[in-house]
Structures are given as C-alpha cells and as structure tokens.
Amino acid sequence: MMATEQASLESLSVLYQSDDYIVVDKHWDIRIDSKMWYEKHTVQAQLKQRFPQLADPSTYYGFRFCHQLDFSTSGALCVALNKAAAGKAYRCFKDRTVTKAYLALVRGCVEEETRSLDFSIGKNSCEGKTHMMCIEGTEGCENPKPCQTQLTVLEHGLYDGDPVTKVLLQPHTGRTHQLRVHCSSIGHPIVGDFTYSSGTDNAPYRMMLHAHLLHIPLEPQPLHVCAGDPFVHAVDIKWLPQRTLRPLAETVEVLLEQRMEEDRKTKEEERERARKKEERKKGRRQHRTEGESEEQRRQCQEWLSEWPGD
C-alpha cells in the first residue's frame, strides 16, 4: 500500500504469528473494534476476514486484544488467540513489565535530547472537550493520575517545510492519550494531531504516531516485535530529515538493555525479600519449637518429682 492510502479489509499487515498470538501492524486510520453496525473497517473485521478459523465465537469481538491503540495511531498491536495466552499477556501489562516505544514527529525543534515528562493526566470536563484528556492544573481537569513518558530525540528536520523533530517516546504508564497530551503540554504537539492542536493541524494525511516496539516478557520465550519506521523520506516525501542525533536501531537496543537490567534488579530484590521473609518465618518456627521444648522439659520434671523415691 502507498503510505497515504486508507485502510481496507484486505490491508492487514501481520508482523508475527504463533499458536498463541498474532501481532499486526495496525493501519493509521482504523479502529481496533466497534459495536457500531456502520463501522465496517476495523482490525477485528480484518482478522475475521484473514483468519476466520481463528476467531473465537465465545468472545464478543472474536479476538482478544491484549492492549489498545488509538484510531489514528499505527503500529504493533498484539492479539491473543486463546484465553490462557490472553491471561499471560494481561499479567505482563498489569505488572508493567511490557516495554513499548513509539515513534513520532512533533512540531518544532525539541532542544533537550532526552527528557522525562511526568505530568499527571485527567479527564477534561470542559464543554466540547469531554473526549479529551488534560494535564493536572489546567481548567476542567478531573481525577488526574500520575503518568510518565521518556522522550528521546532522534532527528531534526522539516515536514512540508515546517520544523519538526523525530522522537522516540517510551510510556512508563498507560493513560488515555498519554503521549499526545504529554507532547502537547511541552509545546510540541504531534504532527497531524487534530484533537490536541485545537483543530488547527489538519493538513497532514495522518497523525504521526507509530507503535514501533513491543516487547512482552512471556515465559519461556518473550514476544519481541518491531513495526518498522513509517517516518522516513522514502515513505513520506514531505518529511525531510536534516540532522540525525542517534540511530533508531541503536536507541531501541539501549532502551531494551536498560529495561532488562531494571527487570533483573527488580527480580533480585524480590528474591532477597522472599529470602528474608522465609528466614523470619524459620526464626519464628524455631523460637516456638525451643519454647515448647523448654516447657515440655519443665512439665516432665514436675511429673517425675511427684513419684515417690525407691
């Protein structure tokens, strides 16, 4: 397909397939699923057409989606093919052991090469904006919750003549619209994000946000998929890179190494806590046993003293 072509039922791109999972490269203008009868083009419908034998009639949508991507976001989307596989993936997402990284083109020149964005995000209750999220402290922000995104600059360049920056975004939490709100809050909204540009950024053919990396630490074999890079000049001639700060592949490799080291330390700490807990239990059991033995000896002496001597 050409980069600017809209999705169709036949345009499903499969990145990975096993007996338990399918990972697709979701198109940029398609919903994952829908209960609306008029929503004909969904990932759910694409899967049913491509893999009718894999659809599970016991589920509402036929397929178990392990996570979500916005309508306008493209990239790696994991689908579980059975209940057990869905449970394993769900636990990884729930425990926040999944590593995800998104590519984005954002407006303007991002000066800081790396930046941690930790603005809390809540629902926007203002009239006409209830479909949006907003950062804590802004008007109408309801029930804000902590969230964090790591931003890494990859390239500076131009999009259709305007200055933009290509960044890698790693969400450490999973709030609705988190990446879009965080980028907008620092004055660098994602290119083509109509919603969080107050309806002004409507010239690009799509929103430039793509789920590039998905790593789920399943046992015994992790699921690791990269969904390519759609933000290259060969795919979209309006994007013109001018200065590269760091290569994408190396940046992702470093990110994964850091995450694995963090996970290793976390597991070591968990094992150490479990060891100390077991030692405390053992100590309590031993103390009880010693106490019981002393009491038994005392009772025995009393019992013997009651007998008359020969």
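1. A residue is called exposed when its relative accessible area is over 50% and buried when that area is under 20%, with partly exposed residues in between. By that rule Ser 198, at 71% relative accessibility, counts as exposed in this predicted model. Ser 198 lies in the loop between H3 and S12, and its phi is near 60°, a positive value in a residue other than glycine.

2. Another residue with a positive phi is Asn 143, where the angle is about 50° although the residue is not a glycine.

3. Strand S9 belongs to an open sheet of 3 strands, arranged in the order S8-S7-S9 with antiparallel pairing. Strand S8 (133–135) and strand S9 (141–145) each have a single partner strand and stand at the edges, so one side of each is left without a neighbour in the sheet. From one strand to the next the twist averages 35°. Strand S7, which covers residues 121–124, pairs with S9 in the antiparallel sense over 3 bridges, and Lys 123 stands opposite Glu 142 in S9. Helix H3 packs on this sheet, where it touches S7 and S8, and the direction of H3 makes about 45° with that of S8.

4. How many of the 8 residues of helix H3 are buried? The count is 6 of the 8 in this helix, which spans residues 178–185, so H3 is largely enclosed by the rest of the structure. Just after the helix, Gly 187 takes a positive phi of about 85°.5. The largest nonpolar core has 47 residues, and those with the most contacts inside it are Leu 47, Leu 151, Leu 168, Leu 169, Ile 190 and Leu 209. Strand S5 (residues 99–107) gives the most to this core, with 6 residues. Leaving aside residues up to four places away in sequence, Leu 169 touches Lys 100, Ala 101, Tyr 102, Ala 104, Thr 149, Gln 150, Leu 151, Leu 179, Cys 183 and Leu 209. A second, separate core of 18 residues includes Cys 78, Val 98, Leu 214 and Leu 218.

5. The structure holds 0 disulfides. Cys 126 is in no disulfide, and the nearest cysteine sulfur, that of Cys 134, is 6.9 Å away. For Cys 183, the closest cysteine sulfur is in Cys 147 at 12 Å, which is too far for a bond; Cys 183 itself counts as buried, at 1% relative accessibility.

6. Strands S12 and S13 form a hairpin with 6 residues between them, and they pair in the antiparallel sense over 4 bridges. Leu 213 stands opposite Cys 226 in S13. The covered face of S13 carries Leu 223 and Val 225, while His 224 and Cys 226 are on the uncovered one. In the loop between strand S12 (209–216) and strand S13 (223–226) is Pro 220, and a cis peptide bond, with omega of about 0°, joins Glu 219 to Pro 220.

7. A search of the whole structure finds 2 aromatic pairs. In one of them, the rings of Trp 28 and Tyr 205 have their centres 5.3 Å apart and their planes at 75°, so the pair is edge-to-face. This pair links distant parts of the chain, 177 residues apart, with Trp 28 in the loop between strand S2 (21–26) and helix H1 (43–50) and Tyr 205 in the loop between H3 and S12. Trp 28 is buried, with a relative accessible area of 11%, whereas Tyr 205 is partly exposed, at 25%.

8. Tyr 60 and Tyr 61 also form an edge-to-face aromatic pair, at 5.0 Å centre to centre and with 80° between the planes. Which of these residues is buried and which is exposed? Tyr 60 is exposed, with a relative accessible area of 57%, and Tyr 61 is buried, with a relative accessible area of 19%.

Definitions and conventions: Residues numbered from 1 in each chain as written. Predicted model: local features only at pLDDT ≥ 70, side-chain atom pairs only at ≥ 80, totals over all residues. Heavy atoms only, no water. Buried < 20%, exposed > 50% of the residue type's maximum accessible area, 1.4 Å probe, protein only. Helix = DSSP H or I, 4+ residues; strand = E, 2+ residues; numbered from the N terminus. Pairing = 2+ DSSP bridges. Axes fitted to C-alpha atoms, helices over the stretch in contact; angles between N-to-C directions. Contact = heavy atoms within 4.5 Å. Core = buried A, V, L, I, M, F, W, Y, C linked by side-chain atoms within 4.5 Å. Disulfide = S-S within 2.5 Å. Phe/Tyr/Trp six-rings, centres within 6.5 Å; stacked < 30°, edge-to-face > 60°.
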